[in-house]
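Here is a guided walk through a two-chain model, written for someone who likes to know the cut-offs behind each word. Keep the viewer open and follow along.

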Amino acid sequence: MEFDFTATAALSALAYLVIGPFVGGLLAGVDRKITAKMQGRYGPPILQPFYDVRKLLEKEAVTVNKGQDFYVMSCLIFMIITGVLFFAGENLLLVIFTLTTATIFLVIAAYSSNSPYAQIGAERELLQIMSYEPMVLLMAVGLYMVNHSFYVKDIIHSEAFSLFPLGGIFVGYLFILTVKFRKSPFDLSMSHHAHQELVKGVTTEFSGRTLAALEVSHWYENVFLLGFLFLFFANGTWYMAVVGVVACLLAYFVEILIDNAYARMKWQFTLKSAWFMTITFGGVNLMLLYFFKMFGIL
Amino acid sequence: MSYVTKSPWIIHYDGSSCNGCDIEVLACLTPMYDAERFGIINTGNPKHADIFLVTGSVNEQNISVVKQIYEQMPEPKIVVAVGICATSGGIFRECYNVKGGVDTVIPVDVYVPGCAARPEAIIDGIVKGLDVLAEKHANMPKSSVSASDAAEEKVKDEDMAIEVRYYGKTAEELDEDIADERVSDAQSVKYYSSSDKDADDSGDKNNGKEEV
């Protein structure tokens, strides 16, 4: 694999590294504000997530064991690497597996604490990974079939407009985005809302600096996930880029709406529904794409 | 400026409250009062919390629970006692199972009296507590690592205190003394005949009845 690091690639990767957390934090702040408005409340300031993280950095560092910090930091670093590779225009499969690595580090961190809440959270996180991972992989395959490349830089500049031939996969991705954003009804392992049966799930045993690192990695992740959504709209023109960004924000709004409209479901439902969507929308989409290609329609 | 005052996360514990104050605490989160506009979040997890909100008096059963939640919270932290029962024991003060207000177990920073305490009073109490929180943050050791070191130092000091108390005797001698005591205790048990034991037990039962 060649790492063709052009100036544009380096710049966009650097932009993600520096601006990414600010965009992610701002999105989280807007999320809380919109959620409050939906519930008829005034809501916290837009910058509240930044206040929260700054406060967490000021708190005393309490860790159950020394390994835990290492795992959480690895989670953050791999999450950053995921986004950097993505925004540098590298291989989509590499990006997806780096993302999985980051998530797995979070699971290990939760397991390492020996707390029953964190451990059940970790188990649920694994089930969540199992729910959304097939769809993410199908998405990479679909984007390859339309754009003839796994490289993000080729997909971005490709003439092909991915949304129409990959409509089913797009719907499937929107579905698993609810799992990835940790929104109800699929916020099994950890939710940002208080009072749940698992205390705080995977994050129960994290505090202070460790929790801050996890929060920042979540911001990075959200920006990267929305970037993934952007791929469906990009065809190398500036007006489609604008449409793509608007679509990302719209998708984020829809996720907030779903979060407020649903109660949490059981993991069985999460797994079944995510795989159902993957097979019916993702699988059938790929099948049709294959036939169209075979008969030379596309 | 310290950011601890801009994002106070709360853990709420119901000591032996009648639920009146608990409902008022939850009322603070409703659209009517919306405590989240100050960044206040009800976390339900001591390791994430900055403010320990206790409603109701502390009873003999939950002394350890209150202490444990308090100890699990990372510094800086404050305790807000909500309602008259949490501040002094209230009407339950004389109960046989009630230890008293929260301050009989852990240090309390803000007292919010009332039966039940009104949501306005509770929010006011938390906001007052933020000043204490900022002060505690200012007095914290600079790096958080040194905070845990300080805790270790404290433990070492306590060990030293124990050594001073037994000054003049080595650890082995102390062990021997303790072993001797155990042997004599074991022997003293043997002196009881079975009838004596029965008499003792029944005596205990009578005493128990009288206390109730």
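What you see is a predicted model, in which local features need pLDDT of at least 70 and side-chain atom pairs count only at pLDDT 80 or more, while totals for chains, interfaces and linings use all residues. Residues are numbered from 1 along each chain as its sequence is written, and chains are lettered from A and ligands numbered from 1 in the order in which they are written.

Let us begin with chain B. Its secondary structure comprises seven helices and seven strands; here helices (H or I, at least four residues) and strands (E, at least two) are DSSP runs, numbered from the N terminus. Read from the N terminus on, the elements follow the order β-α-β-β-β-α-β-α-β-β-α-α-α-α. Five of the strands build an open sheet with parallel pairing, in the order E2-E1-E3-E5-E7 of chain B. Two strands count as paired if DSSP finds at least two bridges between them. In general, strands of a sheet pair through backbone hydrogen bonds, either parallel or antiparallel. At the edges of this sheet sit strand E2 (41–42) and E7 of chain B, each of which pairs on one side only. E2(B) is joined to E1(B) by two bridges in the parallel sense, and Ile10(B) stands opposite Asn42(B) in E2(B).

H4(B) lies across strand E3 (51–55), strand E5 (78–82) and E7 of chain B, and runs at about 160 degrees to E5(B). Axes are lines fitted to C-alpha atoms, for helices over the stretch in contact, and angles run from 0 to 180 degrees between N-to-C directions. Contact, here and below, requires that the C-beta atoms of two residues, placed from the backbone, lie within 7 Å. Among the contacts in chain B with a separation of 6 or more, 80% are between residues 24 or more positions apart.

How much of chain B is buried? Of its 212 residues, 36% count as buried. The scale is simple: a residue is buried if 20 or more other C-beta atoms lie within 10 Å of its own, exposed if 12 or fewer, and partly exposed in between, with C-beta atoms placed from the backbone.

Two loops of chain B deserve a look at their backbone. Asn19(B) has a positive phi of about 85 degrees although it is not a glycine. Asn19(B) belongs to the loop between strand E1 (9–14) and helix H1 (20–27) of chain B, and it counts as exposed because it has 11 C-beta neighbours inside 10 Å. Further along, the peptide bond from Cys115(B) to Ala116(B) is cis, with omega near -10 degrees. Ala116(B) lies in the loop between strand E7 (110–112) and helix H4 (119–138) of chain B.

In the loop between helix H7 (167–180) and H8 of chain A you will find Pro185(A), joined to Ser184(A) by a cis peptide bond with omega of about 5 degrees. Arg182(A) is in the loop between H7 and H8 of chain A, and its phi is near 55 degrees, a positive value in a residue other than glycine. Arg182(A) counts as buried because it has 23 C-beta neighbours inside 10 Å.

Now turn to the helices of chain A. The axes of helix H3 (residues 66–87) of chain A and H8(A) come within 9 Å and cross at roughly 20 degrees. That makes H3(A) roughly parallel to H8(A), since angles under 35 degrees count as roughly parallel, over 145 as roughly antiparallel, 65 to 115 as roughly perpendicular and the rest as oblique. The contact includes Leu76(A) and Ile80(A) of H3(A) and Val216(A) and Tyr220(A) of H8(A).Pro21(A) in helix H1 (residues 7–38) of chain A touches Val216(A), Trp219(A) and Tyr220(A), not counting residues up to four places away in sequence. With 22 C-beta neighbours inside 10 Å, Pro21(A) is buried.

Finally, the contact between the chains takes 26 residues from chain A and 23 residues from chain B. On the side of chain A that touches chain B, helix H2 (48–58) and helix H8 (208–230) of chain A each supply at least two residues, and H2(A) gives the most, with six residues.
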